[in-house]
Amino acid sequence: MLGAGANSQAIDACFWQRVLAGISAWQGEANLISQEHAYWPQIANVLPAIEKKNTLASVFNSQADKNTNTLSNYVPEYSESCSTVELISKRRSAQRMELGEGISKGDFYRMLALAVPTGNRVPFDAFPYSCAVNLLLFVHKVEGLPAGLYTLIRNVDSFDAFKEACNKTFFWQPVQDCDLPLYCLELSDLRKTASALSCYQAIAGHSAFSVAMIANIQTIMTEDGAWAYRRLFWEAGLIGQLLYLEALASGLSGTGIGCYFDDAVHKLLGLANEGDWQSLYHFTVGKAREDNRLTTYGAYSHLSETEC
Ligand SMILES: Cc1cc2nc3c(=O)[nH]c(=O)nc-3n(C[C@H](O)[C@H](O)[C@H](O)COP(=O)(O)O)c2cc1C
């Protein structure tokens with residue numbers, strides 16, 4: 001996923017060994033966040049219905065295998081100065097975005113390529129399930145790419161059903177200079193729309209691009225049971241964390257967006273409300289505006305070198 005050129009694998013192995021050592025050395029008892037307990041009966045009612053039945057420990061998904069064939073040779077280019085450890089330590093959510101700042105097409109395509117699941121690349125090699133989430137992309141400012149609505153089909157088997165469910169006015173024009181399953185749906189300035197869909201948060205409209213992660217929840221739950229609904233959020237979270245780190249590797253920042261109007265997203269696409277397709281998580285990538293009122297310490301700055 002990330003790294004400093006040819007050394008990235010060595011850095012990754014070393015880094016993860018340190019993380020594992022840190023985890024196994026933890027001791028003590030975590031504080032309770034609150035002494036009070038809020039009882040939500042609905043959650044207790046839902047839990048038995050979404051219990052995961054026994055499944056094979058590692059069933060690598062056919063999607064990833066298909067993508068592995070086409071994308072496994074993809075080697076991302078990074079500047080020599082950025083290492084995985086540094087990026088993970090620096091990861092912070094942007095609270096405001098610099099309006100008008102964009103991203104290069106190369107960086108944009110690299111992020112998307114890495115977001116496509118392959119069986120041999122982190123983080124999706126650690127996700128032994130079918131990948132179901134497609135990306136709806138609100139492209140605001142990607143150098144050399146017209147602003148508009150695009151989609152990255154991460155689950156190639158879902159293409160026909162997704163297209164059939166969407167507005168008939170969409171172009172579905174494959175993006176010419178890109179090897180990915182990336183399609184242009186319509187060309188327009190969607191900054192206000194993207195912001196409005198994400199609870200009127202400016203970070204979704206002032207960014208270089210923002211994302212809605214959409215999956216066919218009915219298909220997945222019919223095939224794998226109700227517990228797979230939860231799994232879709234694991235997948236969306238993996239994509240989000242990948243985008244967080246890839247944004248940093250491009251000199252930008254990201255923010256996960258959990259506040260959005262799902263019905264309005266579905267309406268924009270022409271999808272039926274309470275239908276098969278569901279928007280699960282939003283994300284935005286752009287140039288963060290520094291807030292000088294905040295003091296930022298380095299990650300784990302309270303620990304000495306030997307402790308971290
Ligand atoms: C699932 C999820 C949903 C989030 N939703 C929002 C959001 O709607 N708006 C926002 O400004 N930040 C959102 N954030 C960012 C959080 O505010 C941020 O992660 C948190 O304050 C911790 O800061 P950090 O990411 O810099 O460590 C979200 C983060 C996650 C992981």
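**Aromatic pairs, ligand shell and buried loop residues**

The structure holds 14 aromatic pairs. One of them joins Phe127 and Tyr129 in an edge-to-face arrangement, with 5.3 Å from centre to centre and 75° between the planes. Phe127 has a relative accessible area of 4% and is buried. Tyr129, at 18% relative accessibility, also counts as buried, because buried means under 20%. In the pair formed by Tyr244 and Phe283, the ring centres are 4.9 Å apart and the planes stand at 90°, so this pair is edge-to-face. Tyr244 belongs to helix 9 and Phe283 to strand 7 (residues 277-286), so the pair ties together parts that are 39 residues apart in sequence. Both Tyr244 and Phe283 are buried. Ring pairs also link Phe159, Phe162, Trp172, Tyr183 and Trp277 into a cluster.

The model is predicted. Its chain contains ten helices and seven strands. Of the 308 residues of the chain, 43% count as buried. The accessible surface of the chain comes to about 17,200 Å², and 53% of this surface belongs to carbon and sulfur atoms. Among contacts between residues at least 6 apart in sequence, 78% join residues at least 24 apart.

The surroundings of the ligand were examined next. The ligand is surrounded by Arg91, Arg92, Ser93, Gln201, Ile203, Tyr244, Thr255, Gly256, Ile257, Gly258, Cys259 and Tyr281. Tyr244, a member of the aromatic pair with Phe283, is thus named again in this shell. By residue type, the shell divides into five nonpolar, five polar and two charged residues. Strand 6 supplies the largest share of the shell, three residues. An N or O atom in the side chain of Arg92 is 2.7 Å from an oxygen atom of the ligand. For the side chain of Ser93, the corresponding distance from an N or O atom to a ligand oxygen atom is 2.5 Å. At Cys259 the backbone takes part, with an N or O atom 3.2 Å from an oxygen atom of the ligand. Taken alone the ligand exposes 610 Å², of which the protein buries 54%.

Two residues of the loop between helix 9 and strand 6 were considered, Leu252 and Ser250. This loop runs between helix 9 (228-249) and strand 6 (253-257). Leu252 is buried, with a relative accessible area of 6%. Not counting residues up to four places away in sequence, Leu252 touches Gly102, Ile103, Ala247, Val285, Gly286 and Lys287. The C-alpha atoms of Leu252 and Ala94 are separated by 9.1 Å, although the two residues are 158 residues apart along the chain.

Ser250 has a relative accessible area of 16%, so this residue is buried under the 20% limit. The side chain of Ser250 reaches the backbone oxygen of Glu246 at 2.9 Å. With neighbours within four places in sequence left aside, Ser250 is in contact with Asp107, Arg110 and Met111. The buried residues are Phe108, Tyr109, Arg110, Met111, Leu112, Ala113, Leu114 and Ala115. Arg110 and Met111, both contacts of Ser250, are therefore among the residues of helix 5 with under 20% relative accessible area.

A further serine, Ser207, is found in the loop between helix 7 (191-197) and strand 5 (209-216). At 3% relative accessibility, Ser207 counts as buried. Two polar partners were identified for the Ser207 side chain. The backbone oxygen of Ala204 is reached at 3.4 Å, and a polar contact of 2.8 Å is made with the side chain of Thr284. Apart from neighbours within four places in sequence, Ser207 is in contact with Met97, Glu101, His140, Thr284, Val285 and Gly286. Val285 and Gly286 are also among the residues touched by Leu252.

Technical notes:
Residues are numbered from 1 along each chain as its sequence is written. This is a predicted model: local features need pLDDT of at least 70, side-chain atom pairs count only at pLDDT 80 or more; totals for chains, interfaces and linings use all residues. Side-chain values use heavy atoms; hydrogens and water are left out. Helices (H or I, at least four residues) and strands (E, at least two) are DSSP runs, numbered from the N terminus. Buried means under 20% relative accessible area, exposed over 50%, partly exposed in between (1.4 Å probe, protein chains only). Contact means heavy atoms within 4.5 Å. A residue is near a molecule or strand if one of its heavy atoms lies within 4 Å of it. A polar contact is a pair of N or O atoms within 3.5 Å; within protein, one must be able to donate a hydrogen and the other to accept it, and residues adjacent in sequence count only if both atoms are side-chain atoms. Accessible areas come from the Shrake-Rupley method with a 1.4 Å probe; for residues, only the protein chains shown count as cover. Ala, Val, Leu, Ile, Met, Phe, Trp, Tyr, Cys and Pro count as nonpolar, Asp, Glu, Lys and Arg as charged, and the others, Gly among them, as polar. Rings of Phe, Tyr and Trp (its six-membered ring) pair if their centres lie within 6.5 Å; planes under 30 degrees apart count as stacked, over 60 as edge-to-face and the rest as tilted.
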